[in-house]
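Please look through the structure shown below, with its sequence alongside, before reading the explanation that follows.

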Amino acid sequence: MQLQTMNSPFDQEQVELINRLLPMLTDNQKIWLNGYLAGSQSAATVAVQEQPGLEWYAQQGGAPAATREITILVGSHTGNCESVAKEVSKKLQDKDYQVKLTPMDEFKPKDLKKVEDLLIITSTHGDGHPPDNALALYDFLYSKRAPKLEDVRFSVLALGDSSYEFFCQTGKDFDKRLEELGANRIHARVDADLDFEEPAEEWFDGVFSVLNKDRETDRPGAPTAASGTQQTAPAEQPAYSRSNPFNAEVLENINLNGRGSNKETRHLELDLEGSGLQYEPGDSLGIVPENEDQLVDQLIAAAGWNPDEPVSINKQGDTSSLRDALITTFEITSLSKPLLEKAAAFAEGNALADLLEPENKEQLQAYIYGRDLIDLTEDFGPWQTPAAEFIKILRKIPVRLYSIASSSKANPDEVHLTVGALRYEANGRKRTGVCSTQCAERSEAGASLPVFIQSNNNFRLPENPETPIIMIGAGTGVAPYRAFMEEREETDAQGDAWLFFGEQHFVTDFLYQTEWQRWLKDGVLTKMDVAFSRDTAEKIYVQHRLMEKSQEVYQWLEAGANVYICGDEKYMAKDVHATLAAILEQEGNMSAEQAEEYLTSMRSDKRYLRDVY
């Protein structure tokens, strides 16, 4: 649009100069210029007198600050990063920042060079791998096509589990690569463990302080939300959440395995009435577990501690007895290298420090596997510090996430779980899973469990109910497929559904057998193939059943079927992926590279979805 002399206070020469300049300016330059003129006292006075529409700018002490657009990219597997990102986005928008929140698999990697301020929030999966929805962006950044990013500022929040060797590796990789490409840090990377809430808050405060300082610099003297001159109503929070779980009553607790099975798989039905908690098939239920009383008493005895000693349990200074704190608050059943490094400072002698030397890496990993804090205390104690000091090095008990095995449409105000009780023997002692055995042994009908819903948008039924689905799972990995079938039955979905299920024995371990057979009879489930590995001389797994039906599997893939994998990542999911690639090579006459590209394309189209652990 051209400025005209007749509708402005400028003469012809000034109009010509302005019309030559304006097309050359970017939007940010125009905003800055507007703020500069309005911020000038003399210009502001004239503006108020001659241009009443600018009165607001003069009252504010200048034009609205020009803020760089903030892009938040999320790499998430279980949904933790997604929930953190939504909270961060909401806080920034409440402070009048321009924010784009995008899952990594929905972001075009080539647009990176257009980004101004980039916030990466990502988890790490398995042995240091990116979550599925981060793979494309990760590979692009480490390819030769990655652009120089000198004009991009960034900060990374990495979520992980310090009990894994490659703790927060994906976040570290993103942070390192962005720096190599020339991007500049807004704030240093933060690596958060399973109790990530406080580190995430500290990371956001650090990022926001820089962003806010920039805004104050861009508009001197202007009021900002952080200065208290603008008040934003606090965001409405759900009544119950990860930080405030709902105590759900246990309605049913049934052992799904038959007599003689060497497994114990529990079907739990929990009452959510009055909680306001809502979920969809594919979501998980989080449980906040407690340590077993007997295990805590063994630890206290091994360490020679006083169970009644008052100790602090959080940064707010709340206290409880040592015994209660070890039952309800602190993790004592697993070891990690970071924990051993901290404990070495309290150990008598150098044995623990020697174990941590780089040349003893394999020995350290072997020691950590299958041992707990009792073992560490018996092997390297007594600790040369009071209990109240020692427990400061312990992390909080991690919540446990279980795939929901029910549809809320079929079971209003209820949620169902499929939990395998973990029991094993290691290093001369019997061991149990913290949460799984709590569910199996200490959660009878009438008891309660603290729970919350963990949304997982990366494991959803197709929007089109006529889209065929292939569901592949072993053991408790069948849980979300029970939810899928209940949902599809309630909504009368017409798409074909094919289940591949694996366990040890047909007679004792066919989880939800009568339900699958009923759905098969009623047409809700189109096909079912099962693999019971211990019933045959040669072990048969779900990947073998897939290969046996390779031609039909390929036809379903070509017809647009969604493929779902749920279960163990290290073995089952890895083997299933390799089998799908082999099917594409064999039935589709593809090379190995073409088969992987096919699966990558399916993943990008949200047709290849995994809920693995």
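In what sense do strand 7 and strand 8 pair, and over how many bridges? The two strands, strand 7 being residues 246–255, pair in the antiparallel sense over 6 bridges, where helices (H or I, at least four residues) and strands (E, at least two) are DSSP runs numbered from the N terminus, and two strands pair if DSSP finds at least two bridges between them. This is a predicted model, in which local features need pLDDT of at least 70 and side-chain atom pairs count only at pLDDT 80 or more, whereas totals for chains, interfaces and linings use all residues. Residues are numbered from 1 along each chain as its sequence is written, and side-chain values use heavy atoms, with hydrogens and water left out.

Within the pairing of strand 7 and strand 8, Asn253 has Leu268 of strand 8 as its bridge partner. Strand 8 is also joined by 7 bridges to strand 13 (residues 414–420), again running antiparallel, and there Asp271 has Glu414 as its bridge partner. Because 7 of the 7 residues of strand 8 (residues 265–271) are buried, this strand is largely enclosed by the rest of the structure; buried means under 20% relative accessible area, exposed over 50%, and partly exposed in between (1.4 Å probe, protein chains only). In a regular strand the side chains alternate between the two faces of the sheet. In strand 8 both faces are covered, with Thr265, His267, Glu269 and Asp271 buried on one side and Arg266, Leu268 and Leu270 buried on the other.

Turning to the cysteines, Cys81 counts as buried at 0% relative accessibility, and Cys566 is buried with a relative accessible area of 1%.
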